[in-house]
Protein chains: 2
Amino acid sequence: MAANPATLPRLRVNADRLWNSLMRLAAIGATEKGGVRRLALTDLDRQGRDLVTGWLRDAGCTISVDAIGNVFARRPGRRDAPPVAVGSHIDTQPSGGKFDGNYGVLAGLEVLRTLDDAGIVTERPLTVAIWTNEEGTRFTPVMMGSGVYAGAFTLEHCLGQRDLDGVSVGDALAAIGYDGRATAPAFAAYFEPHIEQGPVLEREGIVVGAVEGALGQRWFDAVVTGQDAHAGPTPIEMRRDALLAAAELVLEVRRIAQAHPDYARGTVGQMRVSPNSRNVIPGRVDFTVDFRNARAETLDAMCADLQRSAADVARRHGVDVALTEVVHFPPCAFDPVLVGSIERLAAELGHSVRRLASGAGHDAVYVARTCPTAMIFVPCDGGISHNEIENARPEHLAAGADVLLHAMLEAAR
Amino acid sequence: MAANPATLPRLRVNADRLWNSLMRLAAIGATEKGGVRRLALTDLDRQGRDLVTGWLRDAGCTISVDAIGNVFARRPGRRDAPPVAVGSHIDTQPSGGKFDGNYGVLAGLEVLRTLDDAGIVTERPLTVAIWTNEEGTRFTPVMMGSGVYAGAFTLEHCLGQRDLDGVSVGDALAAIGYDGRATAPAFAAYFEPHIEQGPVLEREGIVVGAVEGALGQRWFDAVVTGQDAHAGPTPIEMRRDALLAAAELVLEVRRIAQAHPDYARGTVGQMRVSPNSRNVIPGRVDFTVDFRNARAETLDAMCADLQRSAADVARRHGVDVALTEVVHFPPCAFDPVLVGSIERLAAELGHSVRRLASGAGHDAVYVARTCPTAMIFVPCDGGISHNEIENARPEHLAAGADVLLHAMLEAAR
């Protein structure tokens with residue numbers, strides 16, 4: 001049977017089977033509060049990898065593992081051409097949930113099982129990828145496996161990274177038997193379904209997000225230096241209050257985010273006040289700024305705006321404000337053709353759909369450096385993720401997998 | 001010789017002798033950075049007390065010690081009437097300076113020495129008081145000795161208070177030999193000279209502050225509860241950012257302080273952000289508010305204004321704001337006649353003078369509950385106190401002692 005979506009009956013994945021796979025994988029490292037703790041390259045990670053690769057073998061795949069432990073499950077096509085791939089990660093945060101990462105891998109598995117059930121062989125091979133250590137909580141950097149795949153980090157650097165106990169990535173990979181020797185395959189296209197990890201789809205009652213790209217990030221450390229002084233004897237107009245200046249800058253970060261287009265975001269997440277005493281005017285405040293935007297030019301404009309605000313606040317309050325950039329990820333635009341396919345297919349399948357941006361990093365951001373790439377978002381409860389209460393609805397997960405199924409079929413023709 | 005200032009030659013204290021006394025006392029507990037660490041009821045405190053009471057005895061005083069360790073040095077007058085008193089404390093902050101407290105006691109000593117030199121006997125007796133544990137850093141509450149004297153605390157409560165090592169005030173007093181049995185005398189009037197511990201006099205180039213009273217204080221603990229969320233995936237308009245709400249309230253505290261008369265002050269000195277992670281929108285912020293004002297009605301109006309601001313901020317940001325009052329000291333107005341005398345005498349002695357308020361608490365605030373009271377402020381470098389670099393100029397210290405001398409002479413007629 002030819003994989004021609006125009007003539008195919010509208011195939012659907014098996015929603016129950018997808019859900020059951022997610023629940024079975026979530027049992028490995030399950031926490032009392034209903035979450036999952038399955039850190040990268042631990043024995044629990046091995047158990048998870050063994051379970052999923054077993055399922056993929058059962059679905060007719062050949063498994064290969066590269067030197068950073070990325071797993072590639074290949075389902076043959078009619079032609080020996082670069083495969084159409086789907087992937088994500090199955091390591092979790094220390095207090096993680098059942099869906100972050102796991103959904104992308106198991107949606108890929110469900111697509112293969114659905115094709116098997118329907119007896120469909122695609123022109124191009126299909127591949128399900130499991131990327132090593134996306135979360136980055138045991139070993140840095142985050143998105144390690146996809147980063148090595150895309151050349152963002154060297155293999156040697158990553159293999160030498162150590163956890164808090166001094167165990168290296170290389171030793172941890174060998175210990176769980178995932179220190180492979182395979183050459184990682186190049187992809188014709190890459191898809192990554194994922195829970196949104198944000199509130200947009202749920203708030204708007206939309207089931208499928210066609211992700212246009214990932215926001216660029218510029219992070220700053222800010223230090224405001226004023227003058228400690230007693231709160232009682234020091235009249236307001238004689239103060240050099242570092243917290244007052246910092247508070248104005250917190251509001252400036254929000255103003256800047258609201259004043260700029262292209263999915264602009266601005267957050268002050270950390271703040272430390274010194275000397276942090278009830279009746280002492282703060283002499284120093286350290287805080288962080290996290291700016292995100294889908295366009296590099298707009299992101300740069302936000303940063304320039306903050307620099308102007310900082311200079312103005314410093315002058316008005318008689319304080320020093322120093323901003324040091326500590327992270328600079330450029331924005332990542334996904335493939336417009338694939339994004340358009342996802343949007344169209346979702347509508348054809350009867351699902352509400354909107355375009356949005358990924359505010360967080362994902363393996364897809366690195367893979368996009370190597371091939372046409374796109375992501376499919378589905379809602380999660382309250383937009384909550386990286387939390388044991390992370391949750392998603394079976395029908396939404398199935399809807400995203402249905403879109404994935406047909407997007408892969410189109411790309412694999 | 002009669003103590004009649006109208007006919008007296010304008011007596012002056014001995015500025016060098018006053019300075020030398022301050023430096024000799026500062027040698028007990030001297031720190032490497034030029035400050036003093038002489039905590040209440042330690043052996044260093046005993047050494048300080050022994051030195052100063054020795055000087056007072058040499059000046060013809062009778063020493064008595066009450067049950068909380070307050071020292072009263074009495075110089076006889078022509079009449080056996082309630083004495084005119086001067087006092088302060090000689091315990092210091094852990095990283096304290098040479099002048100805070102010590103100046104008030106040694107200015108009193110210098111007045112007695114000056115009268116001795118001039119052969120003056122006053123109508124009323126004069127008393128120099130050394131109050132126990134003003135700083136409150138080893139034992140709480142602060143201003144313990146003057147508080148017991150004025151009936152603000154019970155003796156039993158204070159004797160039972162313990163330091164971090166479990167030593168009680170009662171045991172510490174006995175250990176240094178200052179667990180007295182004398183009944184504390186009632187005063188006809190009380191003066192307390194002190195360094196300003198603020199920047200007003202220095203900034204305005206004024207030498208003497210006639211202190212009208214001490215600001216009332218109302219302190220609050222504020223808790224802002226919003227919702228933690230990932231900084232990346234959460235659009236600005238869907239956030240319930242506790243830090244953003246707290247930042248607006250920090251600015252409101254300043255607006256309120258600027259909008260109210262009567263020496264209004266408002267400070268946010270402490271802040272704690274949760275979870276305090278760079279890329280997580282803060283879900284909770286705890287901070288403190290310290291409002292001060294010379295008039296109870298204005299202080300209450302400031303607090304009501306803050307409550308309205310908190311409700312408004314809570315509504316606009318979709319957060320909860322809870323304000324809990326943790327300290328409430330009413331304002332203290334000093335005796336208008338004595339304040340007027342100080343202002344007039346300073347001018348007659350050729351010193352620049354202005355009225356101001358004490359932003360901080362002092363022993364005089366408690367003593368004012370028992371008799372007509374006033375304070376005399378002199379400038380300190382940069383307004384800095386509770387710090388090893390605390391400093392003051394000999395001529396300013398002498399100017400304050402000269403005003404004290406003549407104010408006591410007037411009151412003791």
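**Questions on a predicted model**

Me: What makes strand E3 (residues 84-88) of chain B and E5(B) count as a pair?
Reply: In this predicted model, 3 bridges join E3(B) to E5(B), and the two strands run parallel. Pairing requires at least two bridges, so these strands qualify. Within the pair, Val86(B) stands opposite Phe191(B).

Me: How many bridges join E5(B) to strand E16 (residues 373-378) of chain B, and in which sense do the strands run?
Reply: E5(B) and E16(B) are joined by 6 bridges and run parallel. With at least two bridges needed, this is therefore a pair as well.

Me: Why is strand E5 (residues 189-195) of chain B called largely enclosed by the rest of the structure?
Reply: The description follows from a count: 7 of the 7 residues of E5(B) are buried, so the strand is largely enclosed by the rest of the structure. Ala189(B), Phe191(B), Pro193(B) and Ile195(B) point one way, while Tyr190(B), Glu192(B) and His194(B) point the other way, and all are buried. In a regular strand, side chains alternate between the two faces of the sheet.

Me: Why is Ala231(A) called buried?
Reply: A residue is buried if 20 or more other C-beta atoms lie within 10 Å of its own. Ala231(A) has 26 C-beta neighbours inside 10 Å, so it counts as buried. Ala231(A) lies in the loop between strand E8 (229-230) and H8 of chain A.

Me: Which residues is Ala231(A) in contact with, leaving aside its neighbours within four places in sequence?
Reply: In chain A these are Asn279(A), Val280(A) and Ile281(A), and in chain B they are Arg265(B), Thr267(B), Gly269(B) and Asp290(B).

Me: Why does Leu112(A) count as buried?
Reply: The threshold is 20 or more neighbours, and Leu112(A) has 24 C-beta neighbours inside 10 Å, so it counts as buried. Leu112(A) belongs to helix H3 (residues 102-118) of chain A. Not counting residues up to four places away in sequence, Leu112(A) touches Ala59(A), Cys61(A), Arg75(A), Leu126(A) and Val128(A).

Me: How do you know what span to expect of helix H9 (residues 296-317) of chain A?
Reply: The expected span is 1.5 Å times one less than the number of residues. H9(A) has 22 residues, for which 32 Å is expected, and the distance from its first C-alpha to its last is close to that value, at 32 Å.

Me: Why are the buried residues of H9(A) said to line one face of the helix?
Reply: The buried residues are Leu299(A), Met302(A), Leu306(A) and Ala310(A). Seen down the axis of H9(A), they fall within an arc of 80°, so they line one face. The face turned away from this buried side carries the exposed residues Glu297(A), Ala304(A), Arg308(A), Ala311(A), Arg315(A) and Arg316(A).

Me: Which elements do the buried residues of H9(A) pack against?
Reply: They pack against strand E7 (216-225), helix H8 (242-259), strand E9 (265-267), strand E12 (284-293) and strand E13 (320-329) of chain A.

Me: What makes E12(A) mostly covered?
Reply: Of the 10 residues of E12(A), 9 are buried. E12(A) also pairs in the antiparallel sense with E7(A) over 10 bridges, with Ala222(A) opposite Phe287(A) in E12(A). E9(A) is joined to E12(A) by 3 bridges, again antiparallel, and Arg265(A) stands opposite Arg292(A) in E12(A). Another antiparallel partner is strand E10 (residues 271-274) of chain A, with 4 bridges. The bridge partner of Arg272(A) in E12(A) is Asp286(A).

Me: How many residues does each chain give to the contact between chain B and chain A?
Reply: The contact takes 48 residues from chain B and 48 residues from chain A. H8(B) gives the most to the side of chain B that touches chain A, with 9 residues.

Me: How do you know what confidence the predictor places in chain A?
Reply: On a scale from 0 to 100, the mean pLDDT of chain A is 95, and 98% of its residues reach 70 or more. Over residues 1-5 of chain A, however, the pLDDT is below 50. For the model, the scores are ipTM 0.87 and pTM 0.87.

Note on methods
Residues are numbered from 1 along each chain as its sequence is written. Chains are lettered from A and ligands numbered from 1 in the order in which they are written. A residue is buried if 20 or more other C-beta atoms lie within 10 Å of its own, exposed if 12 or fewer, and partly exposed in between; C-beta atoms are placed from the backbone. The arc is that of the directions from the helix axis to the C-beta atoms. Two residues are in contact if their C-beta atoms, placed from the backbone, lie within 7 Å.
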